[in-house]
Amino acid sequence: MITDINRLVDMERGLIDRRVYVDRDVYALELERVFARAWCYLAHETQIPNPGDFVSAYIGEDPVLVVRDSRGKIGAFLNTCRHRGMRVCRADEGNAAAFTCTYHGWTYGNDGKLVGVPGYKEYYYEELDMEQWGLVPVAQVDSYRGLIFGTFDLEAPSLQEYLGDFAFYLDIAFDRREGGVEIIGGVHKWIMPSNWKFASDNFAGDGYHVPVTHISAVKAGFAGENRRLRPQNISNGFAAAAGYGHGYAVFTTQLDVERFANDPEYLNYMKEVRGEQEERLGESRTKVAVGNGNIFPNMSLFSGSEGNRTIRVWHPRGPDKIETWSWVFVDKKAPQFMKDFTRLATERQQAGPSSAFEQDDGENWGMCTESSKGVMARNYPLNYQIGLGRERVSEEYPGSLGPAPSEHNQRALYKMWADLMTGDSWDEIRRQRDGH
Ligand code: FES
Ligand SMILES: [Fe+2]
């Protein structure tokens, strides 16, 4: 039995015990202490624009139904019938005034209330207290720039506090144009034989792997002329860690433009975007691009280039398995040719199981997980030391900054993980995070 999480995660020295990725007790504990307490990403508001619209989601291994009720309010509920536990909604998305369980027919309104029970008079003698048997609500649901999050912990800090300074960076991806972004197309889902943390920590800030892992995809032309992927350029920028364990790779070069150097339509569009972005967010947030990022625990983003804009959640399915759900997002205001371009290019690079970069990454994470199971291998901790001791703060950019590439953001992620795993209350977690 794991007793001392802090011995497994030593962020002062940048060392992580491999049991963190493969041990069943650690996994059972993190479902309770991490997933049932953190704010987890559920859906984007543009997926449920109308009353009655719903999408399915997960928090950890718990299925969740995200619904805009008939009065327009967004709620989220455990997607499990209170009678015998059947999933009350089996569709990924749709519109419904009510959800009728397909087992015995209990019916719930789109606000979660139990509104119909077959045999209520004849079999229950009207003695069932229907008010007590509605769908179990997610304790707090809130959204930021259209991104809907939920937490099962009533005591968790507000979403605003949870995101903290990370919102500054999120705006670059989600609020650079009037109207924000929308999700286009459906969801890609696939299973990978990896611990969820390998995926989250990669997206949180692993620029180091790019010129090695993805070299074949780059050489084959899947990234166009994207200069970020040249080995000498992964150091153009910094790692920004902010809020409760979130991280973004920030690039001080724009990422895509040269790919379309000869396309006037694209160049005009980007000029328009930069102008609006500067007006809305200021110069500091226009001269940089936010690349790969992770909102703790398991929502990852790529947002730095017009050809790669994706949100994904690594749903844990045991210590050595994830079910990835991935979407493409575009600026609502973008012209159709740009939306089409982003959708197709993101599919090619990152958004699905057959995307070139995604395949490269999944291969690594699966083998990192597999090899950590060895009784000998697990005696040797993993190394997260790049940039250790080189953290800084800046007047211009909030959060704690580290060099690029570095493992600064990954250390922040695992620190938060350990704080949640060991902290009994959010006050304690807050104190640990702030270092007292
Ligand atoms: S399990 Fe849903 S009505 Fe019986
Ligand atoms: Fe990658």
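Mentor: Happy to! Domain bounds here come from an automatic or database domain assignment. By that assignment, the protein is divided into domain 1 (40-142) and domain 2 (165-433). This is a predicted model, in which local features need pLDDT of at least 70 and side-chain atom pairs count only at pLDDT 80 or more, while totals for chains, interfaces and linings use all residues. Residues are numbered from 1 along each chain as its sequence is written, and chains are lettered from A and ligands numbered from 1 in the order in which they are written.

Let's start with a sheet. Strands (E, at least two residues) are DSSP runs, numbered from the N terminus, and two of them pair if DSSP finds at least two bridges between them. Four strands make an open, antiparallel sheet in the order E6-E5-E4-E7. Strand E6 (74-78) and strand E7 (93-95) are at the edges with a single partner strand each, so one side of each has no neighbour in the sheet. Between E4 (residues 53-59) and E5 (residues 62-68) there are six bridges; Val55 has Val66 in E5 as its bridge partner.

Now for the neighbour. The C-alpha centres of domain 1 and domain 2 are 33 Å apart. Nine residues from domain 1 and 11 residues from domain 2 take part in the contact, counted when C-beta atoms, placed from the backbone, lie within 7 Å. On the domain 1 side, strand E3 (residues 40-44) gives the most, with three residues.

Methods: Contact = placed C-beta atoms within 7 Å.
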